[in-house]
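Here's a short tour of one protein model, taken a piece at a time. Have a look at the structure first, then read on.

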Amino acid sequence: TSHTIVRPGVWLSQTERFWVAVRTFEPTQSDPTGHLHDDALTVELSVDGHDVLVDPGTGVYTSDATVRNRLRARHHHSTAGPSESRGNEQADLFQLSSIGKIDVLKSNSDSLSATYRWDDWTLTRSVEIGNAQLVIEDNFDSNQPWQQVFIFHPDVSVNVIESNDQTTVKLNLVDIEIMMHTNAPGAHISVDVADYSPHYGTLVPTQRLIVQFMVI
């Protein structure tokens, strides 16, 4: 297993089967934000050389403000934050106002723990890689509803399987089957369609998994 944290701020870990990246970039106060996305602590994942969790890409800039805002929004990346209902519209297509502070708490060859603080909420995300599994643990500190989001590559088929005590998400791609287990009693789990931009100016539909939590 190897890992590194490199500028512009990505924790990378690679095993025999997994390639994992977590976005840990934090711009300085003077840095321009025109090309940034609200993607702090986003996870990207490849298994056996096949992309599973992906960055959605840019899509467009000024030709369609709705698409521009959607693809750079937090609810369009594999991370966690306030529920989508809060919205994420940015008036300036070349500025991103919702940027907080990242603190890396722990980093080694097979695990990362980091905190992202912004405005009235804090997300602490831990990622741990084992021989045959990837564990993502999120703690959200706020008094508002929140959600985890997972954006899949278009080649991944997503199926939610409900049982009495656990919800399982089955992922199928090529010759691989991956099982996602959620330890989130009372959460609402759904799958919908998101946009994926493999290169600028192109949008492809893909599946998005959303795990929503209410305030207790």
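## The largest pocket

Five strands each give at least two residues to the lining of the largest pocket: S4 (43–47), S5 (50–53), S10 (134–141), S11 (146–151) and S14. Keep in mind that this is a predicted model. Which strand supplies the largest share of that lining? That's S14, with seven residues.

The space in the largest pocket comes to about 850 Å³. Its lining is made up of 28 residues, and the ones closest to the centre are Leu134, Val135, Ile136, Met180 and His181. Sort the lining by class and you get 19 nonpolar residues, five polar ones and four charged ones.

## A four-stranded sheet

S10 turns up again in an open sheet of four strands, where the order is S7-S8-S9-S10 and the pairing is antiparallel. Strand S7 (101–107) and S10 sit at the edges, so to speak: each of them pairs on one side only. On average, neighbouring strands in this sheet are turned by 15° against each other, ignoring direction.

Now zoom in on S8 (residues 111–118) and S9 (residues 121–129). These two pair in the antiparallel sense over eight bridges. Look for Tyr116, too: it stands opposite Leu123 in S9.

## Val174 in its loop

Where do you find Val174? It's in the loop between strand S13 (167–173) and strand S14 (176–182). Is Val174 buried or exposed? Val174 counts as exposed because its relative accessibility is 69%, and the cut-off for exposed is over 50%.

Val174 and Asp155 are 19 residues apart along the chain, with 7.8 Å separating their C-alpha atoms.

Terms used: Residues are numbered from 1 along each chain as its sequence is written. This is a predicted model: local features need pLDDT of at least 70, side-chain atom pairs count only at pLDDT 80 or more; totals for chains, interfaces and linings use all residues. Side-chain values use heavy atoms; hydrogens and water are left out. Buried means under 20% relative accessible area, exposed over 50%, partly exposed in between (1.4 Å probe, protein chains only). On a 1 Å grid over the protein atoms alone, a cavity is a set of points where a 1.4 Å probe fits but cannot get out, and a pocket is an open set with protein on both sides within 12 Å along at least five of seven lines; lining residues have an atom within 4 Å of a point. Grid points are joined across faces, edges and corners, and a volume is the space filled by probe spheres set on the points. Ala, Val, Leu, Ile, Met, Phe, Trp, Tyr, Cys and Pro count as nonpolar, Asp, Glu, Lys and Arg as charged, and the others, Gly among them, as polar. Two strands pair if DSSP finds at least two bridges between them. Axes are lines fitted to C-alpha atoms, for helices over the stretch in contact, and angles run from 0 to 180 degrees between N-to-C directions.
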